[in-house]
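The sequence and structure are shown below.

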Amino acid sequence: MWKTVVRRFLIMIPQLFVLSLLIFILAKMMPGDPFTGLITPDTDPNRIEELRELAGLNDPWYIQYMHWIANIFQGDFGDSYTFKVSVASLIGDRGMNTLWLSLVSVILTYLIAIPLGVIAGRYQNTLRDKSIVLYSFISYAIPTFVLALIFLYIFGYQLQWFPTSGTVDVSHDKDSWGYFWSKVYHLILPAVTYAFLATTGIIQYLRSEIIDSQTQDYVKTARSKGIPMKKVYTRHIFRNSLLPIAAFLGFSITGILGGSVFIETIFGFPGMGQLFIQSISARDYSVITTLIMLYGFLALLGSLLSDIILSIVDPRIRIE
Amino acid sequence: MEQQFNDQQLQQEVESTPATGFRVIWREFKKDKLAMASLIIVALIILGSIIWSFFIDQEKLMEISLLDEFAKPGENGFLLGADQGGSDILGQLIVGAKNSIIIAIAITIITGALGIAVGIICGYYGGIVDNFFMRLIDFIITLPSTMIIIVFVTIIPKYNVWSFILIMSAFMWVGTARLVRSKALSESRRDYVSASKTMGTSNFAIMFKGIMPNLSSLLIVEMTLNFAGNVGIETGLTFLGFGLPDSTPSLGTLVSFANNQTVIAEKWWVWLPASLLILILMLGINYVGQALRRSADAKQRLG
């Protein structure tokens, strides 16, 4: 078991190396450098040149790359020149918002998907099954931004059930229950949108898994021992089918991050996805590179997590 | 007499047994009314928007006329109303749909060709080639592709429609390659491939004249679903403002008017029709794709 985990970790190292190299090249391709923002008509070009020399911007690229990596390991990602704070603290604030949104989204996704998948598999080809299959088809086909806009229009502007932007109502005291509830209240609409889109994979997997298990030998054995079908479902089939679902957790993280650019922009939710779009518009390159690096790292971590969970619940697929 | 009857029956059987190609697909669509309806709707939207757009004068369409600012549907002769600059929504919808569809088709063809070629070569040769491409593909799939595409869009000088198509294609071929590779891998173990090898057929001919036609049903399904996906991604990026350049309006451009709070809250006719058109296109193409997938798999066929 531990061998698999260690091996999987070792695979991640070259991936991280290539990712960092790619992002470094991307960053070098971006026009300007940290001092471009300082240039005013009165600036002495020699002074800028001195600063560039001091910051090591005239070194060969591999030296610059080493510096960059060394700084990342020390948690120094440079400064954001639009927000005038260090990138680390900027992303820290926004990251917490995205983290909460992701957490609520994942919980909602599983709360919706597991019962639906189980019902669809157990009552195959009934009306219930067909409506669930239809639901998962629609949520598969609909693009994120279209669904988010339609939800925002209906529930935010027309029915006015939910706020249309922000993370919290500032009128509340910071340590009160009202503040907490206001935060949760702001999360609901984006989280539901995300969950609506993310349930597809889990529902389809669970449904086909349960349908397949019905003809398996262990189910026949249980039936021939005289166990009622209801118990076979709850004690035998569900347990076997639900385990691999745990592995979807890692992929869910990757999916959320990908969707966060759209969902946070549309719902005016100040998380990392919205920060990315703002930084792109402001050409704030240190923030952009750090965000891409972080997203890439989290996606790699997500697939690592999925592989590890899967190898725990299903010993057949361990890497040898 | 009986003999003749038998002959007729035999002939019919001979005609119907090689149930391959388009006849199977046709039967599947005849059986599934919803799939047939989707196919007709999608075909109408695609052909309609392309043909109709020839009759629309784009320069006249984008002319600003303040008198018609946010004209409601039906007002001043605008069937679907007008936007902030007083431009006709219906005309923009048609031109946008045409651009979105043609660009999605271009991306689908490029990524399809690349993905199929790499997939078949990997599946056929195996070994080092396969290992190299699979590691590369695994890596590209985990990349935050939306963000990297957005960065490329903003930093490329002389950005135009073709750069957008190439940037998108660079990230979108990997899924197809992985799928085709897994099928080509098992197909390469078949007897007919060994037989061809023994007869001295060149590797190229085996791969693209032997294996590829045997995967054709899978490829048709994959390309259809990719087409739907590409429409979604292109309109999404254009919605954010990092897709097609302004000179080429897409459906996403119309939807992006909803970024303005008053527009989304009060002027639904500006952004909602484009959103619904994207939605209908996506649902329709995906449903057609599912029907195609069923007809490709004898176990799932309805007809």
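How many helices and how many strands are there in chain B?

## Overall composition

The model is predicted. In it, chain B contains 14 helices and zero strands, and its elements accordingly read α-α-α-α-α-α-α-α-α-α-α-α-α-α along the sequence. Chain B has 303 residues, of which 41% are buried.

Chain A has 12 helices and two strands. From the N terminus, the order of its elements is α-α-α-β-β-α-α-α-α-α-α-α-α-α. Chain A has 320 residues, and 33% of them count as buried. For contacts in chain A with a separation of 6 or more, the share from residues 24 or more positions apart is 72%.

## Confidence in chain A

The mean pLDDT of chain A is 81, and 90% of its residues score at least 70. Among the elements of this chain, α2(A), residues 45-54, has the lowest mean pLDDT, at 71, while α5(A) has the highest, at 90.

## The interface between the chains

The contact between the two chains involves 34 residues of chain A and 27 residues of chain B. On the chain A side, the elements that give two or more residues are α1 (2-29), α5 (127-141), α6 (144-158), α10 (248-266), α11 (272-282) and α12 (285-313). The element that gives the most is α6(A), with eight residues. By residue class, the side of chain A that touches chain B comprises 28 nonpolar residues, six polar residues and no charged residues.

Helix α5(A) is made up of 15 residues, and its first and last C-alpha atoms are 21 Å apart, close to the 21 Å expected at 1.5 Å a residue. Its buried residues are I132(A), S136(A) and A141(A). They lie on the same side of α5(A) because they cover an arc of only 165° around the axis. L127(A) and L134(A), on the other side of α5(A), are exposed.

Which elements cover the buried residues of α5(A)? The cover includes α4 (87-122) and α7 (177-213) of chain A, together with α11 (216-240) and α14 (268-296) of chain B.

The loop between α4 and α5 of chain A holds N125(A). This residue has a positive phi of about 65°, although it is not a glycine. N125(A) counts as exposed because it has 10 C-beta neighbours inside 10 Å.

## Helix α7 of chain A

Helix α7(A) has 37 residues, yet its end C-alpha atoms are only 46 Å apart, which falls short of the 54 Å that a straight helix would reach at 1.5 Å a residue. A kink of about 35° lies at I188(A) in this helix, shortly before the proline P190(A).

Another residue of α7(A) is I202(A). Is I202(A) buried or exposed? I202(A) is buried, since 21 other C-beta atoms lie within 10 Å. Leaving aside neighbours within four places in sequence, I202(A) is in contact with A113(A), G117(A), I245(A) and F248(A). I202(A) and I266(A) are 64 residues apart along the chain, and 25 Å separates their C-alpha atoms.

## L300 in helix α12 of chain A

L300(A) is located in helix α12 of chain A. With 20 C-beta neighbours inside 10 Å, L300(A) counts as buried. Which residues does L300(A) touch, not counting those up to four places away in sequence? They are M12(A), Q15(A), L16(A) and T142(B). For one of these residues, Q15(A), the distance from L300(A) is 8.1 Å, C-alpha to C-alpha, although the two are 285 residues apart in sequence.

Terms used: Residues are numbered from 1 along each chain as its sequence is written. Chains are lettered from A and ligands numbered from 1 in the order in which they are written. This is a predicted model: local features need pLDDT of at least 70, side-chain atom pairs count only at pLDDT 80 or more; totals for chains, interfaces and linings use all residues. Two residues are in contact if their C-beta atoms, placed from the backbone, lie within 7 Å. Helices (H or I, at least four residues) and strands (E, at least two) are DSSP runs, numbered from the N terminus. Ala, Val, Leu, Ile, Met, Phe, Trp, Tyr, Cys and Pro count as nonpolar, Asp, Glu, Lys and Arg as charged, and the others, Gly among them, as polar. The expected span of a helix is 1.5 Å times one less than its number of residues. A residue is buried if 20 or more other C-beta atoms lie within 10 Å of its own, exposed if 12 or fewer, and partly exposed in between; C-beta atoms are placed from the backbone. The arc is that of the directions from the helix axis to the C-beta atoms. pLDDT is the predictor's confidence in each residue, from 0 to 100. The bend at a residue is the angle between axes fitted to the seven residues ending there and the seven starting there.
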